[in-house]
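Let's take a friendly walk through this model, from ring contacts to a helix and its neighbours. Have the viewer open as you read.

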Amino acid sequence: FRGAVITTILVVVMVVWVGMFLPLMLVTVEVRAKGCQACEKQIATQQTLIHFLTNRTTSDYGTLVLEELLVTVRQWVRNPANEAVDALWGTMQTWHSFNSSWVGAGDCEQRNSVAYYSLKLLLEQWKRVPRKVDYEMYAEPHADRLYVAFNDSNAFAGIRINIEPDPDASKNCTYCWRRAEYFTNADGKTLHIERVENPEAMPVGPVVHREENYTPSERPYFSAQNILVQAWKEQAELNATKAKEMPLKRAWSQIYKFVDGQVGLSWTAPIAYCGNYSCVQGIVSSDVMLKYVSVALIERWEKLQRNEDMKAPIGYSNSSLFIVNQRSRHFPKQNGMLVATSNRYLSVKTLNLSNESTDPVVGPASRALLDCFGSWSAPQLRKPGTLSLKVASDKCEHCTHDIPTTESKCKIVQWLPSPLDSHNNSLWLMVLVLPGQAFARKAQRSMQQTLENFAIIENESRHHTWEVLRLGLCMLAVVACVGTMVGTILGCVVERPLQRLDALLRDMVNLDFSDGGGELASWQAGETSQIRDVAKLQRAFCSLSRGTEAFSRFVPDAVVRHIVSGDRKRATMVHVSRRTVTIMFSIIKDAHQLSEWLPERDEFLHVLKRYFSVMTSVVELYEGVVGEIMTEPPGLLVFWNTPLSVEDHECKACAAALAQQHAIRVLNAEFAQGGLCQVQLGAHIGIHTGVVRTGNIGSAKKMKFGCLGDPMNLASRLAGLCKMYGVGTICSAATHNPLPDLFVSRKLDLVKVKGRMEPTTIYEVIGRICPQAYPSDEDFFSDSDLESGRRPNIKTSESEWDDQEYLPNTSSLSEDERERQITRLQRLPPTTFAVAKAVQMSRESVARNKSGLGKRKMTVTMMPWRFFQVRGRCPNLAAHHSLIGLDSVLGYDSSTEITDAQRSFASRYEAALSAFQRGDFAEARMLTFELLKENPEDCASVNLYGRAGKYLGPDGEVVGLTEEELKSWTGVLNMVGK
């Protein structure tokens, strides 16, 4: 406390010191606060602006690039092929309308007409091609091939145009044209490719190439229309009328490699002059090569590379612009195929999936998108979108930074779907990948300027603050020394009562209200400290101590300790936990007769108070916790192994039950001495061990400590069975089985109680083997208990406590089992000794309550029933004098011994019960008859005798049971209805 007082004084000194320099400090702090506030606002504004500009610029620029590319794809891929097919198919329909026999594959003249008109159509598109052309980099949109192919005759006619450098610089011709035409010959499967020397007259030149075994209907450009024809046939089988109404559809073929090694795809239309698929004769097809799409990607990527807003150069290792075949309805295996890329050193001449690409950007970005969305056909990829990903990991790892840095591994991935037809049967996905710091040049400039401004303001503010602090250091040192001296003197005056108050608080946490130094009594008498605040604390502690002591009388000590120590979960919140607990219901026998025996209210309450005081002390000596004092019927609900763990709790519960039965005899004698000879108390005790839910039960406002579960019901039912069997204590098999041989018991019956489906084996706890010579009370009670008052008058032998004098014969047990039995016995006080201690403790408790002091460490000894000064109420009072004296109670009591006759009687009863349970009713009746001759008041034997006789006829035969019932007979006594 002294340190706290000195610290307080120093704090006051600091406050005074600050007050002295307050005007100067206010100016300094205000300047610094305004500067820091301005910097913080500026930084926040800049960060918001930077984040917005970076993301907006990237998104807008990427959207612009992808939209331009979308237009390019339509110009290069969709529009030229569709225009060529439209024109050629329209012309063929016109020719056929004038001559129905003209189909385009009838003879060489028809095929030449088709080829010539195809050449004219392509020339119209190729006229838009500029004269100066870089073959690898640039060309205008056009179709490369236009042809017709027939499935039945395998006829083929068409044109393809390629651009080649002029080998003869003297010639004005810039382009060389090639014509592809199929002629029907003997084998019908040879494709002749001939050069067209003059596109206007179209003379046939020399054959430059022959393709053997060329069947048009088996080529990839035929596959899409074959799929549509097959779908029409299936529909026709189901509904012919609906099939005729199906319109003709144009479709893109799969991406495949052409005869000359180029990669592309074909836009196909069916040749069906009847208007439906019932008369399909072939296809009209226009080919588009993918290399020109790559050229367009390269052009736009290089334009992006030259952007001045780029913070750092972009290259093939950190950016890319590529197209993926997102959806191909008729060829799903090509979903995800790489169509084109901006990497000029990665020529798309092979058919590869984009996620398998060797490009350092295309492959990881594709794999990251697939990891994010699962497939290329995901709904998120069917609409434009943007993500910031760490594509290098091939995983869907999102970037969370606000401002990308140069060291960042994040990539901005933006995509835009591009449909190739009106039905979205073929869909390409255009993807743009840029480094995260690509557009961060302006952002970093703004941030750098902001940080520089903030550093300047911060340095100036710090300089002024230190100047002010240096001015006051000298005065602070002087005032601090004076304050330390004052604090030391004041601390010495206040510290001692606070230290004693702290000690008493620690004792109260342990529920020790003894007040060994007498301070608590003096505080209650008004002798408090001269310091007002300390005196308030002392008076408040007196009230708290009285309240806590009173509260501990209603709640188990362990729960009160949790409350006082601040264990919120265990003390003040509703919670339960599963534990194996031994439960005891101890009920006063024939409690309703007490009101008849004791018509006066004071006498009735005094008997109950005395009974509960002694029984509670007995239970606590055996580490039990009184969970509840019941009123109807009057009795105790006791727990072992909750809320604190108790070792050998089954043994301690049974020992406590035996001690209670013995204590009742002592109380009856004590009542007789007090003039209440008509009071003859008894107890019915039920004990069961089982798994329950134990803890604080109730609501958020009201709760109590207790247990929930079937074991509570069974323990209560066992207490109720005591009257039926005429015994004092009954335990279940769950409690009996862990007991060592030191306890003597009798197996009573196998019963099925109300609320349980399974039968329960019950036992009578008769007694336990106790030493013939008692040890000293130091072996069973703590030093604080022994210091509390007079030591009980115990008759002990001069020799030490020898285990062999009272242990049973354990020669058949192993050494470990024998040691465990000895340990259990030594932990349990003898019955009469525990009863004597409980009687003495209850008397001292009465004296402490009257004096208003604490629970323990009392030296008051009070004779029982002193306020009963009634003479002549009990005629045979002298006959009980030998039972009520404290000395005789503490001495050895022969009534606690287990005789051989008791053991024999219990063994023979168990033999009779075993005969009854196996269906030998004659033997059971005979054995119980012998028992009743020896002890006709044994209710258990009377019951068993009557139950066995119920199933015996006049001649000793079994009656009332069928053979099947007799085979399954277990002798269960059904008490469900009671």
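Arg925 lies over the face of Tyr945, 3.9 Å from the ring centre; a charge sits over a ring if NZ of Lys or CZ of Arg is within 6 Å of the ring centre and within 35 degrees of the ring normal. The charged end of Arg746 likewise sits over the ring of Tyr909, at 4.6 Å from its centre. Bear in mind that this is a predicted model, where local features need pLDDT of at least 70, side-chain atom pairs count only at pLDDT 80 or more, and totals for chains, interfaces and linings use all residues. Residues are numbered from 1 along each chain as its sequence is written, and side-chain values use heavy atoms, without hydrogens and water.

Now turn to helix H24 (residues 921-934); helices (H or I, at least four residues) and strands (E, at least two) are DSSP runs numbered from the N terminus. Which residues of H24 are buried? They are Phe921, Ala924, Thr928, Leu931 and Leu932, where buried means under 20% relative accessible area, exposed over 50% and partly exposed in between (1.4 Å probe, protein chains only). These buried residues pack against helix H23 (900-917), helix H25 (939-950) and helix H26 (963-967), contact meaning heavy atoms within 4.5 Å.

Phe921 also forms an edge-to-face aromatic pair with Trp969, 5.4 Å centre to centre and 80° between the planes. Rings of Phe, Tyr and Trp (its six-membered ring) pair if their centres lie within 6.5 Å; planes under 30 degrees apart count as stacked, over 60 as edge-to-face and the rest as tilted. Ring pairs join Phe916, Phe921, Tyr951 and Trp969 into a cluster.

Note on methods
Expected span 1.5 Å × (residues − 1).
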